[in-house]
Amino acid sequence: MSPLPIRNRWNYAVTQAAGQVLAARWRSTLEALDRARAEYGQLHAASTIDVRAVRKAAQRVHELEQLRAVLACELIPAR
């Protein structure tokens, strides 16, 4: 068998696997973002506000939003 078809099969397999991993990462990131937003809302709405905890929760939300944006850019070409 010539090397070209083997390389094409490997490229296809790697592309498919990467797409599946990105999709799974996308779903887990969205779930984590929902949880982080809920936690931030609870901390912010508390009767006594722990500023350090609110800042930490806000930072977590921000990081997850950035990750979501990066994953969205990576998933668009895969579709």
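Leu 71 lies in helix H2, where helices (H or I, at least four residues) and strands (E, at least two) are DSSP runs, numbered from the N terminus. The model is a predicted one, in which local features need pLDDT of at least 70 and side-chain atom pairs count only at pLDDT 80 or more, whereas totals for chains, interfaces and linings use all residues. Residues are numbered from 1 along each chain as its sequence is written, and side-chain values use heavy atoms, with hydrogens and water left out.

At 5% relative accessibility, Leu 71 counts as buried, a class that means under 20% relative accessible area, while exposed means over 50% and partly exposed lies in between (1.4 Å probe, protein chains only). When neighbours within four places in sequence are set aside, Leu 71 is in contact with Leu 22, Arg 25, Trp 26 and Thr 29, contact being defined as heavy atoms within 4.5 Å. The C-alpha atoms of Leu 71 and Ile 6, which stand 65 residues apart along the chain, are separated by 29 Å.

Val 70 also has its place in helix H2, but with a relative accessible area of 48% Val 70 is partly exposed. Between the C-alpha atoms of Val 70 and Glu 39, 31 residues apart along the chain, the separation is 23 Å.

The protein as a whole has two helices and zero strands. Its radius of gyration, taken over C-alpha atoms, is 19 Å, well over the 12 Å that the globule rule gives for 79 residues, so the protein is more spread out than a compact globule; the rule itself is 2.2 Å times the number of residues to the power 0.38. Taken along the principal axes, the box filled by the C-alpha atoms is roughly 70 × 15 × 15 Å. Of the contacts with a separation of 6 or more, 73% are accounted for by residues 24 or more positions apart.

Buried residues make up 13% of the 79 residues. Leu 64 touches Thr 29, Ala 32, Leu 33 and Ala 36, when residues up to four places away in sequence are not counted.

Ile 49 is found in the loop between H1 and H2 and, at 47% relative accessibility, counts as partly exposed. With residues up to four places away in sequence again left out, Ile 49 touches Leu 43, His 44 and Val 54. The C-alpha atoms of Ile 49 and Ala 13, 36 residues apart along the chain, are separated by 50 Å.
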